[in-house]
Amino acid sequence: MLTQNPHTSGEVGSFYNRHTDVYDQALGGNIHVGYWDDEADDSPMRAATDRLTDLVTERVAPAEGHHLLDVGCGHGSTAMRIVAHHAVRVTGVSVSDYQVKVANDRPQPSGLLGQATFRLADAMELPFPDESFDGAYAIESLMHMKDKMAALGHVARVLRPGGRLVIAEHHLEGELDGPDAARMGDAYAFFKISLTTDRYGELLREAGLKVVDHTDITENVRRSYDSMVDAWREAARRESEGEKAREMERAADLGGWIFGVTPQLRYGLFTAVRP
Ligand SMILES: C[S@@+](CC[C@H](N)C(=O)[O-])C[C@H]1O[C@@H](n2cnc3c(N)ncnc32)[C@H](O)[C@@H]1O
């Protein structure tokens, strides 16, 4: 039986202060997986990771003038793409001060100034009034939160009735045990994650949200993982020795294992609405 990891948001932020540039390089300027239609789809990484942003955005269904919440906004690439293509505002929160600085320092076309803003805040204690957002999305951020229920409760609270939350996230289909559970425990501790086995169904319902769709896209995103592992190995080579090199090597070993041999690891798009 896998134990959940009680890492703090400060530890998660510090992880992303160290790893954001490696993710960015591996994933073509975004910090989330790419989406490919099938084997024949030869889209480059940037196009594929932008495609994931677009799939999430479609599900949020933004309308002109909407204000969206980006839960775990990374270095702002997702929000910037959304405001460039939709007449909406986005507020992003991250627990990495490095990411918030990179996001707020991004050059913005003059017509879009102020449409996307970013702040250091913890999604498990969102500092926004009730019903202040028309929609929200969380791309690969809930896996880092030790109290997913608290975060989803806050998102439900700040969404207006009728507002949608879209989650793009890894989860486990079934439990791991024996050596696999031990290894996954190591990966949880290293990457500051814990994965739900609940497909977000129970969690979203308990938060007062109604699940309207779950689409499993594990096979569509799989190609992203080799690129991540290569980028960690490359970062380790660049450092050549010392603690940072060892950290990148460990990321490559654990990441290669999780992504390569864990059939229980799935990736889903979950859409829920606040009734
Ligand atoms: C894999 S990155 C994804 C970034 C972004 N969603 C994207 O798709 O580019 C995970 C993000 O989740 C954020 N995160 C993790 N735990 C968080 C928390 N408790 N509150 C807010 N953000 C959090 C991290 O700071 C980081 O920005």
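Two remarks before I start. Residues are numbered from 1 along each chain as its sequence is written. Because the model is predicted, local features need pLDDT of at least 70 and side-chain atom pairs count only at pLDDT 80 or more, while totals for chains, interfaces and linings use all residues.

I begin with the ligand. Around the ligand there are 25 residues, and His 32, Gly 72, Gly 74, Ala 123 and Ser 141 are the closest. A residue counts as near if its C-beta atom, placed from the backbone, lies within 6 Å. Two or more shell residues come from each of α1 (9-26), α3 (77-85) and β2 (89-94). Helices here are DSSP runs of H or I with at least four residues, strands are runs of E with at least two, and both are numbered from the N terminus. The most comes from α1, with 4 residues. Sorted by class, the shell holds 10 nonpolar, 13 polar and 2 charged residues. Nonpolar means Ala, Val, Leu, Ile, Met, Phe, Trp, Tyr, Cys and Pro; charged means Asp, Glu, Lys and Arg; the others, Gly among them, are polar.

Which residues of α3 are buried? They are Ser 77, Thr 78, Ala 79, Met 80, Ile 82 and Val 83. Buried means that 20 or more other C-beta atoms lie within 10 Å of the residue's own, exposed means 12 or fewer, and partly exposed is in between, with C-beta atoms placed from the backbone. Those buried residues pack against α2 (45-60), β1 (67-71), β2, β3 (116-120) and β4 (133-139).

In β2, 6 of its 6 residues are buried. In a regular strand the side chains alternate between the two faces of the sheet. Here Arg 89, Thr 91 and Val 93 cover one side of β2, and Val 90, Gly 92 and Ser 94 the other.

On pairing, β1 and β2 run parallel, joined by 5 bridges; strands pair if DSSP finds at least two bridges between them. Leu 69 stands opposite Thr 91 in this pair. β2 also pairs with β3 in the parallel sense, over 5 bridges, and there Gly 92 faces Phe 118. From β2 the chain crosses through helix α4 (residues 97-105) to β3, in a right-handed β-α-β crossover. Right-handed means that, with the strands pointing away from the viewer, the path from the first strand over the helix to the second runs clockwise.

Now the cores. A nonpolar core is a set of buried Ala, Val, Leu, Ile, Met, Phe, Trp, Tyr and Cys residues joined through C-beta atoms within 7 Å. The largest has 56 residues, and Leu 68, Ala 136, Tyr 137, Val 155 and Leu 165 have the most contacts inside it. Another core, of 15 residues, lies apart from it and includes Val 22 and Ala 231.

Ala 61, in the loop between α2 and β1, has a positive phi near 55°. Ala 61 counts as partly exposed because it has 14 C-beta neighbours inside 10 Å. Tyr 200 also has a positive phi, near 65°. Is Tyr 200 buried or exposed? Tyr 200 is buried, because 23 other C-beta atoms lie within 10 Å. Tyr 267 sits in strand β7 (residues 265-273), and its C-alpha atom is 9.1 Å from that of Asn 220, 47 residues apart along the chain.

Note on methods. Two residues are in contact if their C-beta atoms, placed from the backbone, lie within 7 Å.
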